[in-house]
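Here is a quick look at one helix and at some charged pairs. Have the model open while you read.

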Amino acid sequence: QTGLSTPHFKVLFRATLGVPVHRYVVQRRVERAKVLLLEGRRSASQVALEVGFAHQSHLTQWMQRLLGVTPREIIRAGRAAATVADTLAA
């Protein structure tokens with residue numbers, strides 16, 4: 001225990017990091033999802049569940065809001081980067 005009430009913790013958290021706790025958690029989940037999607041080993045649905053979203057649509061909404069792109073666009077970008085890397089390695 002920290003000895004802080006929940007409201008006090010939330011105030012201190014926002015003052016320290018500049019965003020509310022929930023927004024911070026969602027941002028971290030979206031960042032992790034982007035990394036996983038770029039790897040290309042999992043579907044968007046799998047990634048959504050793995051990073052803590054209940055549904056792929058919820059992940060999509062937050063990605064569009066925070067990054068301006070959809071999971072599908074990130075997957076495509078990852079594939080394109082892999083193709084370029086393969087071409088350069090050949």
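Which residue forms a salt bridge with Arg-41? In this predicted model, the partner is Glu-39, with the closest N and O atoms 3.7 Å apart. Arg-41 counts as exposed at 64% relative accessibility, while Glu-39 is partly exposed at 37%.

That pair belongs to a set of four salt bridges in the structure.

| Salt bridge | Closest N and O atoms |
|---|---|
| Glu-31 with Arg-28 | 3.2 Å |
| Arg-41 with Glu-39 | 3.7 Å |
| Glu-50 with Arg-42 | 2.9 Å |

Take the Glu-50 and Arg-42 pair: Glu-50 is partly exposed at 44% relative accessibility, and Arg-42 is partly exposed too, with a relative accessible area of 26%. Salt bridges with shared partners tie Glu-39, Arg-41, Arg-42 and Glu-50 into one network.

Glu-31 and Arg-28 sit in helix α2, three residues apart, so about one helical turn separates them. Glu-31 is partly exposed, at 42% relative accessible area, and Arg-28 is partly exposed at 47%.

Now for helix α4, which runs over residues 56–67. Its twelve residues reach 16 Å from the first C-alpha to the last, close to the 16 Å expected at 1.5 Å a residue. The buried residues of α4 are Leu-59, Thr-60, Trp-62 and Met-63, and they pack against α2 (21–39), α3 (44–51) and α5 (71–89). Just after α4 comes Gly-68, with a positive phi of about 80°.

Conventions
Residues numbered from 1 in each chain as written. Predicted model: local features only at pLDDT ≥ 70, side-chain atom pairs only at ≥ 80, totals over all residues. Heavy atoms only, no water. Helix = DSSP H or I, 4+ residues; strand = E, 2+ residues; numbered from the N terminus. Expected span 1.5 Å × (residues − 1). Buried < 20%, exposed > 50% of the residue type's maximum accessible area, 1.4 Å probe, protein only. Contact = heavy atoms within 4.5 Å. Salt bridge = Lys/Arg side-chain N within 4 Å of Asp/Glu carboxyl O.
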